[in-house]
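Colleague: I would like to learn how to read a fold from its features. Could we go through them one by one?

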Amino acid sequence: MEPEEPRETREAGPGAESTAAPRWEEAKTFYDNLAPKKKPKSPKPQNAVTIAVSSRALFRMDEEQRIYTEQGVEEYVRYQLEHENEPFSPGPAFPFVKALEAVNKRLRELYPESEDVFDIVLVTNNHAQVGVRLINSINHYDLFIERFCMTGGNSPICYLKAYHTNLYLSADAEKVQEAIDEGIAAATIFSPSRDVAVSQSQLRVAFDGDAVLFSDESERIVKAHGLDRFFEHEKAHENKPLAQGPLKGFLEALGRLQKKFYSKGLRLECPIRTYLVTARSAASSGARALKTLRSWGLETDEALFLAGAPKGPLLEKIRPHIFFDDQMFHVAGAQEMGTVAAHVPYGVAQTPRRTAPPKQAPSAQ
């Protein structure tokens, strides 16, 4: 009795080759997906839009912070080493960072050789030994963060300019204030009171106007003389641009990247969208804000003038990855509606603590 013909040979016929090819392609795709992904090359800091993020902004470290506060640095380091294979949970800046990377992917598809992309730097005063857990967490979430600055208990602010930082986000208000005083765009980031889904394909950034994009000139008028004098002042100075605020340079950097998409005919499909969300009223004081942006060669995709109404409900509809405001009650209102909000400690609305004005905020590179 002859041995039975193998099943694969027996079933082979005129169409066998055509069915085998798709199966091979499926297998190849499967194994390609298992292979380590080649990550893009890090851009030179001077060519990129550099976003410096603290470890407590990027990840939730509440328990670790409690141990540090109650038991000291040695116990804190020991705990981190014992748990270094456990990834941290995402923190308030995590969706923002993921959105930055989504924009980078689109930019590299359109401009493969360009270094004009977002470059994310993890900035922390953690001991270097804690870096292993941070690296493991970054790899766990497949984040592209190659630059670390771990200062072992010292303030990292002195390094921000060396990294050509365009924006610094931290959970530490004192360090943020230190950065603002050095003329670096910075904000203290807060977790929302509830989770709200945000876009996975479009970076959305919302800004307050006065003392964020603009100087606090107009807020000083309100504080000193009231709303009526403020309206008169804005009308009289409608065609005089406001001085720049601490985050003007970051909006400028976003606008520069947006134009790279516009030049490819992708204005409507641009993966970056910006919003001006201001307590100003359109009729009495809105024109000066818009004319100021125009004089800088900048624009926001949307401008929302709320005339003193709460910002939270509008932000709930926008669902930005981050909202910047100089007043904590607006930050708290945004948090309540599920928005990741960041406080910019600049201008007359802050608790008085200095007599000299802060250094001039830098423009984007």
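**Reading the features**

Modeller: Start at a helix end. Asp142 follows α7 and has a positive phi, near 55°. Helices are DSSP runs of H or I, at least four residues; strands are runs of E, at least two; both are numbered from the N terminus. This is a predicted model: local features need pLDDT of at least 70, side-chain atom pairs count only at pLDDT 80 or more, and totals for chains, interfaces and linings use all residues. Residues are numbered from 1 along each chain as its sequence is written, and side-chain values use heavy atoms, without hydrogens and water.

Colleague: How many helices and strands are there in the protein?

Modeller: The protein has 14 helices and twelve strands. Of its 365 residues, 47% are buried (under 20% relative accessible area; exposed is over 50%, partly exposed in between; 1.4 Å probe, protein chains only).

Colleague: Which residues of α7 are buried?

Modeller: An α-helix has 3.6 residues a turn, so residues three or four places apart point the same way. In α7 (residues 131-140), the buried ones are Gly131, Arg133, Leu134, Ser137 and Ile138. Seen down the axis, they fall within an arc of 160°, so they line one face of α7. The arc is taken from the directions from helix axis to C-beta atoms.

Colleague: What do the buried residues of α7 pack against?

Modeller: Their partners are α3 (55-58), β2 (59-60), α4 (62-71), α5 (73-82), β4 (118-124) and β5 (147-150). Contact means heavy atoms within 4.5 Å.

Colleague: Where does Phe144 lie, and what does it touch?

Modeller: Phe144 is in the loop between α7 and β5. Phe144 is buried, at 14% relative accessible area. Leaving out residues up to four places away in sequence, Phe144 touches Lys39, Pro40, Lys41, Ser42, Glu101 and Arg108. Its C-alpha atom is 7.5 Å from that of Glu101, 43 residues away along the chain.

Colleague: How many aromatic pairs are there?

Modeller: Rings of Phe, Tyr and Trp (its six-membered ring) pair if their centres lie within 6.5 Å; planes under 30 degrees apart are stacked, over 60 edge-to-face, the rest tilted. The count comes to nine aromatic pairs. Take Phe207 and Phe324: their centres are 5.6 Å apart and their planes at 20°, so the pair is stacked. Phe207 lies in β8 (residues 203-207) and Phe324 in β11 (residues 322-325), so the pair ties together parts 117 residues apart in sequence. Both Phe207 and Phe324 are buried. Phe59, Phe88, Phe94 and Tyr141 form one aromatic cluster.

Colleague: Which ring does the charged end of Arg267 sit over?

Modeller: The test asks for NZ of Lys or CZ of Arg within 6 Å of the ring centre and within 35 degrees of the ring normal. Arg267 sits over the ring of Tyr262, 3.9 Å from its centre. Lys264 lies over the face of Tyr111, at 5.0 Å from the ring centre.

Colleague: Is β9 paired with β8 in the parallel or antiparallel sense?

Modeller: Two strands pair if DSSP finds at least two bridges between them. β8 and β9 run parallel, joined by five bridges. Phe207 has Leu276 as its bridge partner in β9. β9 also pairs with β10 (residues 302-305), again parallel, over four bridges. There Thr278 is partnered by Phe305. From β9 the chain crosses through α12 (residues 282-295) to β10, a right-handed β-α-β crossover. Right-handed means clockwise from first strand over helix to second, with the strands pointing away from the viewer.

Colleague: Is β9 largely enclosed or open?

Modeller: Six of the seven residues of β9 (residues 272-278) are buried, so β9 is largely enclosed by the rest of the structure.
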